[in-house]
Amino acid sequence: GAKMSLLHSSDTGVNKTFGIGRKISPFNEEIRGAASSSSDDAASQSSANDYQEGDDWPLTNIETPGKNDCLCGRGGGTNHHPGNKKYRKLVDCKKAVYLASARNDKPNVSLGVVHIWRAMNPPGRFLEQDKETKLWNDIGDEKAREKTSQALREKAPAPYVKKKEKRIRAALAIKSQFN
């Protein structure tokens, strides 16, 4: 498969920032379109307008998540956040590619989704809320890739599920022959 350039983050003391200006691997325009289109509210729009290409984008101690932030956690608050809705659209666009990929290639598909998310303007982040401070912090690329892999596996199309069930039944039948 195609190799992707890794995203670089720099540690600037207390606040980590995310440098912009990365090259993104060859993913189709449909995916990028899914990441860039959503129904943005006025508050999210104004924060996006404040961001300029090349600016640093904080990864820690975030008070208010933006429209391009995917909130980690469970429940309605995260499910209905505009960034999570946009993220699910992006994941849905890559689901068929992920499910059709060989096992060794699946992490690259997931990482590709993370790269596309991070390359948005303003940059997409994967945020988790600190239980004590109630501030939001980015979880990093590895945890974001794991979250994305899980999202790509969820609600798999029926043919994939049936194929997997068939493989499991076949494996159990073979195993039962040896018991």
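Tyr87, Trp117 and Phe126 form one aromatic cluster in this predicted model. Rings of Phe, Tyr and Trp (its six-membered ring) are paired if their centres lie within 6.5 Å; planes under 30 degrees apart count as stacked, over 60 as edge-to-face and the rest as tilted. A search of the whole structure finds three aromatic pairs. One of them joins Tyr87 and Trp117 in an edge-to-face arrangement, with 5.6 Å from centre to centre and 80° between the planes. Because Tyr87 belongs to helix H4 (residues 82-100) and Trp117 to helix H5, this pair ties together parts that are 30 residues apart in sequence. Helices (H or I, at least four residues) and strands (E, at least two) are DSSP runs, numbered from the N terminus.

Trp117 also pairs with Phe126: the ring centres are 6.2 Å apart and the planes stand at 50°, so this pair is tilted. Both Tyr87 and Trp117 are buried, a term that means under 20% relative accessible area, with exposed over 50% and partly exposed in between (1.4 Å probe, protein chains only). For Trp117 the relative accessible area is 0%, and for Phe126 the value is 0%.

Phe126 is located in strand S5 (residues 125-129). Its contacts (heavy atoms within 4.5 Å), not counting residues up to four places away in sequence, include Cys70, Cys72, Val114, Asn137 and Ala144. The C-alpha atoms of Phe126 and Ala144 are separated by 6.4 Å, although these residues are 18 residues apart along the chain.

The pLDDT, the predictor's confidence in each residue from 0 to 100, has a chain mean of 74, and 62% of the residues reach 70 or more. Where pLDDT is low, the predicted coordinates should not be read in detail.

Residues are numbered from 1 along each chain as its sequence is written, and side-chain values use heavy atoms, with hydrogens and water left out. Local features need pLDDT of at least 70 and side-chain atom pairs count only at pLDDT 80 or more, whereas totals for chains, interfaces and linings use all residues.
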